[in-house]
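Hi everyone, thanks for coming.

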Amino acid sequence: MKSSKRRILHVIAALEGGGAERQLQILANNTNPDRYHISIIFLHKGTGQYVYDEGIDLLQIPRGSKWNIPSLWFRIYKAVKAYQPDILQLWMPEIITIPAAFAGKLSGTYIISAARRSMRSVNSIKLCLRDLASYIQHIMADRIVANFNPDKEPYFFRILFSKKKGIVIPNAITVCQDKTPSNADLPVKSPNSFLIWYTGRIAP
């Protein structure tokens, strides 16, 4: 008998190392296990810094030779097709998310594509090529989720973001704001002080 739980498959290069990996761990561990079955396809496990709850499937794909990209893409494509998720969330980088996007699109899967970095002021050819490649998965996606305001992004990204009914989920949110100087319980300056929840890493 097929499970009534919806199957969510996340695709990311590694299970630890930065803000996206930490946010994925928080999201996966806090998704209702009574309604969803969570799996993660990844290349590198790391040292186990980020621990996942029991019941979450961790599906490691062998990276293989650094330059044998077609072989890697084929393994990722086959893994996504075999898993048959109801929802496919693409994180980063493009070398693993693009073949997963093709598999999801051809299977009729609902695809969420993450935009993890602003395309403004890109100062390297490598990042520029990655930005261009990311359009492939964004085009195939049903929804784009960014962690930045898209208003000043390149024109085509803004059009695509609007067409895909994109949403913004910032890395930091205000969780408590104190405008009353008399509140001495909060370890913050008053008045007009605030506490935020930040999930990510601080990098140049």
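Two bits of housekeeping first. This is a predicted model, so to speak of local features we need pLDDT of at least 70, and side-chain atom pairs count only at pLDDT 80 or more, while totals for chains, interfaces and linings use all residues. Residues are numbered from 1 along each chain as its sequence is written, and side-chain values use heavy atoms, with hydrogens and water left out.

Okay, the overview. The protein chain has 5 helices and 9 strands; helices here are DSSP runs of H or I with at least four residues, strands are runs of E with at least two, and numbering goes from the N terminus. Along the sequence the pattern reads β-α-β-β-α-β-α-β-α-β-α-β-β-β. Of the 204 residues, 39% are buried, meaning under 20% relative accessible area with a 1.4 Å probe, protein chains only; exposed is over 50%, and partly exposed is in between.

Now, which strand is largely enclosed by the rest of the structure? That's β5, residues 110-115: 5 of its 6 residues are buried, so the rest of the structure largely encloses it.

And what does β5 pair with? One partner is β4, residues 87-90, which runs parallel to β5 and is joined to it by 4 bridges; DSSP has to find at least two bridges for strands to count as paired. Ile87 sits opposite Tyr110 in β5. To get from β4 to β5, the chain goes through helix α3, residues 94-107, in a right-handed β-α-β crossover. Right-handed means that, with the strands pointing away from the viewer, the path from the first strand over the helix to the second runs clockwise.

β5 also pairs with β6, residues 143-146, again in the parallel sense and over 4 bridges. Here Ile112 is opposite Arg143 in β6. The chain crosses from β5 to β6 through helix α4, residues 125-140, and this β-α-β crossover is right-handed.

Last stop, helix α5, residues 155-163. Phe157, Leu160 and Phe161 are buried there. Looking down the axis of α5, its buried residues fall within an arc of 100 degrees, so they line one face of the helix; the arc is taken from the directions from the helix axis to the C-beta atoms. On the other side of α5 you'll find Tyr155, Ser162 and Lys163 exposed. And just after α5, Lys165 has a positive phi of about 55 degrees.

That's my tour, thanks!
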